[in-house]
Amino acid sequence: ARLCLANDGAEVAHMSTSVLGLVVRGDRHEAVAAKIAVLAALDPGYDLNGSPVDAFTRLGVAYLAEGLSAERLLEQASLALDRARRDDERVVVFDAAVQPDPNFNLALMSDMRAGMGDGQFSLHYQPKLSLHDGVVHGVEALVRWKHPARGNIPPDSFIGIAEETGSIRELTEWTLRRAMEDGARLRAQGVDILISVNISGRLLADQAFSERVLAMVSGENHRLCLEITETAVIANPLAAAAAIASFRTAGLKISIDDYGVGLSSLSYLKMLEADELKIDRSLVV
């Protein structure tokens, strides 16, 4: 409501748990005025039942150019917002000269969305072997992408970009669905095994993502484990604890990955009640 009042005629959309989208029509001068209005409208904070709540706002801004689609415009604004967070800036305007390979990144994300629908993506499963009895007790799902023009694209090349542009949620949901389908096929063949799926730290505090996962597994015969990095937990422990508690209630197993990279606080482990702890290689002699 504050944004609409501060920017007459603007369109406001709820993008995710902590992100609002604002479309302002007009020239560059009006866009600059809109940025100032947004900060002025939200910075005073809120009064909730007599308790003051501060609201610190960051802006990622992208300007519409000739030939630029609405989807690309949104991706550019997302990249600018991500840079504002990373550089601790209040306002960042998307700049093709500053962002690393923006055209490649944005094109790759558009290709990724199409690729998930036409068979370019697949899951490879890495076995988790118990040294105690020599039995494979589980597998870890690894996403692989074979692009029709670029060939095999390493996960390091597209997962980071997916996180920057907000496409990581779509990719993670695809991975979870495929893992559940593969698990069902394995059970039909007499193989009942736990499948682990990595969850980006950027999604852990996303309530909409958590609700989507819970809806996905509700009523399903699944054996899934969500792998969450220790650094993601440390970044927002309360949100992490709430999300993990809801996942465990739904029957999902929880694994804390890369333990030892962050603060390695035992209090976090007690709070989260994880089913598995994966020690970072830096702690193994």
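**Figure 1. A salt bridge between Glu170 and Arg113 in the predicted model.** In this predicted model, the side chains of Glu170 and Arg113 form a salt bridge, with 3.5 Å from N to O. Glu170 belongs to helix α6 (residues 168-188) and Arg113 to helix α4 (residues 102-115), so the pair ties together parts that lie 57 residues apart in sequence. Glu170 is partly exposed, its relative accessible area being 34%. Arg113 is likewise partly exposed, with a relative accessible area of 24%.

Figure 2. Lys128 and Glu276 meet in a salt bridge in which the closest N and O atoms are 3.2 Å apart. Lys128 is placed in strand β7 (residues 121-129) and Glu276 in strand β13 (residues 276-279); the pair therefore ties together parts that are 148 residues apart in sequence. Lys128 counts as partly exposed, at 22% relative accessibility. Glu276 is also partly exposed, and its relative accessible area is 27%. Together with Glu227, the residues Lys128 and Glu276 are linked in a network of salt bridges.

Figure 3. Glu173 forms a salt bridge with Arg212, and the closest N and O atoms are 3.7 Å apart. Because Glu173 lies in helix α6 and Arg212 in helix α7 (residues 207-217), the pair ties together parts that are 39 residues apart in sequence.

Figure 4. Helix α5 spans residues 155-165, and its buried residues are Phe158, Ile161, Ala162 and Thr165. Viewed down the axis of α5, these buried residues fall within an arc of 105°, so they line one face of the helix. Just after α5, Gly166 adopts a positive phi of about 85°.

Figure 5. Ala141 is located in strand β8, which covers residues 136-147. Ala141 counts as buried, at 5% relative accessibility. Leaving aside residues up to four places away in sequence, Ala141 touches Leu123, His124, Tyr125, Ile195, Ser196, Val197 and Asn198. One of these contacts, Val197, is 56 residues from Ala141 along the chain, yet the C-alpha atoms of the two residues are separated by 5.5 Å.

**Figure 6. The whole protein, as context for the close-up views.** The protein contains 10 helices and 13 strands. Of its 285 residues, 39% are buried. Among contacts between residues at least 6 apart in sequence, 63% join residues at least 24 apart. The protein exposes about 16100 Å², and carbon and sulfur atoms supply 53% of this area.

Note on methods:
Residues are numbered from 1 along each chain as its sequence is written. This is a predicted model: local features need pLDDT of at least 70, side-chain atom pairs count only at pLDDT 80 or more; totals for chains, interfaces and linings use all residues. Side-chain values use heavy atoms; hydrogens and water are left out. A salt bridge is a side-chain nitrogen of Lys or Arg within 4 Å of a carboxyl oxygen of Asp or Glu. Helices (H or I, at least four residues) and strands (E, at least two) are DSSP runs, numbered from the N terminus. Buried means under 20% relative accessible area, exposed over 50%, partly exposed in between (1.4 Å probe, protein chains only). The arc is that of the directions from the helix axis to the C-beta atoms. Contact means heavy atoms within 4.5 Å. Accessible areas come from the Shrake-Rupley method with a 1.4 Å probe; for residues, only the protein chains shown count as cover.
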